[in-house]
Amino acid sequence: MPSINHTTNENETKTVDRSKGAAAYNDPSWWYDIRGFFILMSTYQVTLWRHLAFFSKNLGERHLEAAIGSGTFMALTLAYSKMIGICQPQEIIGIDYAERMLNGAKRLFRKRKNMQLIQADLSNIDFPENYFDSVNIAHSFHAFPEPGKVLKELHRVMKPDAKLYVDVLLHPRGGSFRRWLATKVNNFCYRKGILARTCDEHETFSQFTEHDFDMVESYISGNTYHVIARKR
């Protein structure tokens, strides 16, 4: 695959500290991609194609890919957007705190001149205020130890009226098999340290508005809460 707490049962709160989260991304980036695809299908329960269609809509002239990971999903998003005729960003900044994942992105984008990849914490971004035209958080909101701090910092570096697209992993929902499968995979992710929480859509909505974002659109598909927010 970054206060709302979720439990795999209704009583036991799961949390992940920052050091454990960093250690969870020591696997080779190619293995992270394979594992991540399975997790995407079984926990988010939205097809890869629909994820690409969603995030490709938000590629401004100066774009920030928050928690870019190995870069594979970003590469697919750019390819998809080009295929359907969406203008490509003039400048792309990809940030991730996991060095091994970022190294995979650097290999993948080594020939792309308009992309800068930075190892950093998203709660402390070394860019000026009102810099980015668009920000995407793809498959990562669930891993942020302190999502409120990330939202505050993203708000600072976004231009007025810039949009933030996020897919938020919800508590398991749907039929009994879907809930069982999502719960099993979530428990694995908790143990690995790549999942800090799953979320409730109403609390998540409030979290964005409390950090001075206006909700342009939000909807649920599968176990995913899709958020399109605009900086006030």
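This is a predicted model: local features need pLDDT of at least 70, side-chain atom pairs count only at pLDDT 80 or more; totals for chains, interfaces and linings use all residues.
User: Let us start with H4. How far apart are its end C-alpha atoms, and which span should its residues give?

Analyst: Helix H4 covers residues 72-83, and its end C-alpha atoms are 16 Å apart. At 1.5 Å a residue, the 12 residues should span 16 Å, so the two values agree.

User: Which residues of H4 are buried?

Analyst: Phe73, Met74, Thr77, Leu78, Tyr80 and Ser81 are buried in H4. Viewed down the helix axis, the buried residues fall within an arc of 165°, so they line one face of H4.

User: What is the backbone doing just after H4?

Analyst: Gly85 follows, with a positive phi of about 90°.

User: Now H6. How many of its residues are buried?

Analyst: Eight of the 11 residues of H6 (residues 147-157) are buried, so the helix is largely enclosed by the rest of the structure. The buried residues are Pro147, Gly148, Val150, Leu151, Glu153, Leu154, His155 and Val157.

User: Which elements do those residues pack against?

Analyst: They pack against strands E1, E4 (132-137), E5 (158-169), E6 (213-221) and E7 (224-231), and against helix H8 (201-210).

User: Take Pro147 in H6. What does it touch?

Analyst: Setting aside residues up to four places away in sequence, Pro147 touches Phe141, Arg197 and Gln207. Pro147 has a relative accessible area of 4%, so it is classed as buried. Its C-alpha atom is separated by 8.3 Å from that of Ser123, a residue 24 residues apart from Pro147 along the chain.

User: Where does Ile125 lie, and is it buried or exposed?

Analyst: Ile125 lies in the loop between E3 and E4. With a relative accessible area of 3%, Ile125 is buried.

User: What is Ile125 in contact with?

Analyst: Leaving aside neighbours within four places in sequence, Ile125 is in contact with Leu64, Ile95, Glu153, Leu154, Arg156 and Val157. The C-alpha atoms of Ile125 and Glu153 are separated by 6.9 Å, although the two are 28 residues apart along the chain.

User: Switching to aromatics. How many pairs are there?

Analyst: The count comes to 12 aromatic pairs. One of them joins Phe54 and Tyr219 in an edge-to-face arrangement, with 6.4 Å centre to centre and 85° between the planes.

User: Which parts does that pair tie together?

Analyst: Phe54 lies in helix H3 and Tyr219 in strand E6, so the pair ties together parts that are 165 residues apart in sequence. Phe54 counts as buried because its relative accessibility is 3%. Tyr219, at 30% relative accessibility, counts as partly exposed, since that value falls between the 20% and 50% cut-offs.

User: What about Phe208 and Phe213?

Analyst: Phe208 and Phe213 form an edge-to-face pair, with 6.2 Å centre to centre and 65° between the planes. Phe208 is buried, with a relative accessible area of 0%, and Phe213 counts as buried at 0% relative accessibility.

User: Which residues do ring pairs link into a cluster?

Analyst: Phe54, Phe55, Phe73, Tyr165 and Tyr219 are linked into a cluster by ring pairs.

User: Where does the charged end of Arg62 sit?

Analyst: The charged end of Arg62 sits over the ring of Tyr131, 4.0 Å from the ring centre.

User: Next, Glu201. Where is it, and is it buried or exposed?

Analyst: Glu201 is in helix H8. At 17% relative accessibility Glu201 counts as buried, because the cut-off for that class is under 20%. Not counting residues up to four places away in sequence, Glu201 touches Leu170, Arg173, Ile220 and Tyr225.

User: Last topic, the cysteines. How many disulfides does the structure hold?

Analyst: The structure holds zero disulfides. Cys87 counts as exposed at 64% relative accessibility, whereas Cys199 is buried, with a relative accessible area of 1%.

Conventions: Residues are numbered from 1 along each chain as its sequence is written. Side-chain values use heavy atoms; hydrogens and water are left out. Helices (H or I, at least four residues) and strands (E, at least two) are DSSP runs, numbered from the N terminus. The expected span of a helix is 1.5 Å times one less than its number of residues. Buried means under 20% relative accessible area, exposed over 50%, partly exposed in between (1.4 Å probe, protein chains only). The arc is that of the directions from the helix axis to the C-beta atoms. A disulfide is a pair of cysteine sulfur atoms within 2.5 Å. Contact means heavy atoms within 4.5 Å. Rings of Phe, Tyr and Trp (its six-membered ring) pair if their centres lie within 6.5 Å; planes under 30 degrees apart count as stacked, over 60 as edge-to-face and the rest as tilted. A charge sits over a ring if NZ of Lys or CZ of Arg is within 6 Å of the ring centre and within 35 degrees of the ring normal.
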